[in-house]
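Hi,

Here's the structure I said I'd pass on.

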Amino acid sequence: MGSEHTVKAFDSDLQELTRLVAEMGGIAERMIVDSVDALIRRDVALGQRVVTTDADLDALQKRIEERAVLTIARRQPMAVDLREIVGAMRVATDLERIGDLAKNMGKRVAALETDFHPLKLFRGLEHMTDLVQQQVKSVLDAYAAHDLPAAMAVWKGDEEVDAICTSLFRELLTYMMEDPRNISFCIHLMFCAKNIERIGDHATNIAETVFYMIEGQAITDKRPKGDMTTFATTVPNT
């Protein structure tokens with residue numbers, strides 16, 4: 001009877017961890033969309049809301065870590081169950097970092113004080129955001145469902161985002177060379193494009209966590225990446 005009670009209590013703890021991760025995921029997805037919408041519409045209030053929302057994401061990550069540590073201490077789980085708990089903590093860490101990247105974009109909205117409004121650039125940014133937001137959604141669904149093929153599809157899909165990012169970067173360089181007055185605006189967009197690309201990297205991290213949870217080991221294959229060498233050398237880390 002005691003062991004049955006322990007199993008039920010452990011299952012309850014795991015369900016709560018999964019629920020908290022799902023809540024974090026919903027907030028992170030919204031922040032991605034809102035931060036780019038705020039940039040494109042020059043909506044400073046929406047950008048500020050994204051910045052403020054990041055605190056909710058941080059608080060949830062802390063709750064997940066505390067619950068996970070408590071569960072390990074109380075239940076002393078076996079290897080397969082331990083991977084579930086470690087997986088939840090790892091996914092929460094990636095979601096927290098996604099929130100930081102969206103917050104960084106939200107902060108940049110107020111700096112875009114210019115009449116320059118290049119539709120082609122914004123369409124590229126929107127397309128890239130749609131792809132990345134779908135990656136995040138798909139990989140979180142894969143995590144919740146323990147769906148390894150779906151997680152691996154996200155893992156393999158990172159190259160497309162990198163390709164769009166590189167194309168956008170070249171476009172931005174062209175605008176900067178055409179008119180020096182565009183330089184400040186374009187640099188802000190460069191950082192935002194790089195942030196979106198990094199959010200895609202965090203979706204790939206989550207896919208690798210799903211693989212670890214199910215298979216009990218890390219992926220040994222090399223992560224697929226597009227050619228980002230020019231971009232990486234020009235846009236520093238923030």
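**Helix H6 and the rest**

Let me start with helix H6, residues 158-178: its 21 residues reach 31 Å from the first C-alpha to the last, close to the 30 Å expected at 1.5 Å a residue. Keep in mind throughout that this is a predicted model. The buried residues in H6 are Asp158, Val161, Asp162, Ile164, Cys165, Thr166, Leu168, Phe169, Leu172, Tyr175 and Met176. If you want a way to read that list, an α-helix has 3.6 residues a turn, so residues three or four places apart point the same way.

Stepping back to the whole protein, the secondary structure comes to eight helices and zero strands. Written from the N terminus on, that is α-α-α-α-α-α-α-α. The protein has 238 residues, and 49% of them count as buried.

Helix H2 covers residues 44-75, which makes 32 residues. From its first C-alpha to its last, H2 reaches 47 Å, close to the 46 Å expected at 1.5 Å a residue. Its buried residues are Leu46, Gly47, Val50, Val51, Asp54, Leu57, Leu60, Gln61, Ile64, Ala68 and Thr71.

Arg42 sits in the loop between helix H1 (2-41) and H2. Arg42 is not a glycine, yet its phi is positive, about 55°. For context, most residues other than glycine have a negative phi. Arg42 counts as partly exposed because its relative accessibility is 21%, and the cut-off for buried is under 20%.

What follows H2 at its other end? That would be Gln76, with a positive phi near 45°. Gln76 is also a residue other than glycine, and it belongs to the loop between H2 and H3. With a relative accessible area of 66%, Gln76 is exposed.

One more residue in H2 is worth a look, namely Leu70. Leu70 has 41% relative accessibility, so it counts as partly exposed. Leu70 and Asp13 are 57 residues apart in sequence, but their C-alpha atoms are 9.3 Å apart in space.

**H3 against H7**

How do H3 and H7 pack? Helix H3 (residues 79-108) and helix H7 (residues 183-215) have their axes 10 Å apart, at an angle of about 175°. That is over the 145 degrees needed, so H3 and H7 are roughly antiparallel to each other. Sorted by class, the contact of H3 with H7 has 14 nonpolar, seven polar and eight charged residues.

H7 also holds Thr204, which is buried, with a relative accessible area of 0%. Thr204 and Val139 are 65 residues apart in sequence and 8.0 Å apart in space, C-alpha to C-alpha.

The loop between H3 and helix H4 (119-145) contains His117. His117 is partly exposed, at a relative accessible area of 39%. The C-alpha atoms of His117 and Asn182 are 10.0 Å apart in space, and the two residues are 65 apart in sequence.

H4 has 27 residues, so at 1.5 Å a residue it should span 39 Å; its end C-alpha atoms are 38 Å apart, which agrees. After H4 comes His146, and its phi is positive, near 55°.

**Cysteines**

How many disulfides are there? The count comes to zero, with a disulfide taken as a pair of cysteine sulfur atoms within 2.5 Å. As for individual cysteines, Cys165 is buried, with a relative accessible area of 0%. Cys192 counts as buried too, at 0% relative accessibility.

That's what I have so far.

Cheers

How values were computed. Residues are numbered from 1 along each chain as its sequence is written. This is a predicted model: local features need pLDDT of at least 70, side-chain atom pairs count only at pLDDT 80 or more; totals for chains, interfaces and linings use all residues. Side-chain values use heavy atoms; hydrogens and water are left out. Axes are lines fitted to C-alpha atoms, for helices over the stretch in contact, and angles run from 0 to 180 degrees between N-to-C directions. Helices (H or I, at least four residues) and strands (E, at least two) are DSSP runs, numbered from the N terminus. Angles under 35 degrees count as roughly parallel, over 145 as roughly antiparallel, 65 to 115 as roughly perpendicular and the rest as oblique. Ala, Val, Leu, Ile, Met, Phe, Trp, Tyr, Cys and Pro count as nonpolar, Asp, Glu, Lys and Arg as charged, and the others, Gly among them, as polar. Buried means under 20% relative accessible area, exposed over 50%, partly exposed in between (1.4 Å probe, protein chains only). The expected span of a helix is 1.5 Å times one less than its number of residues.
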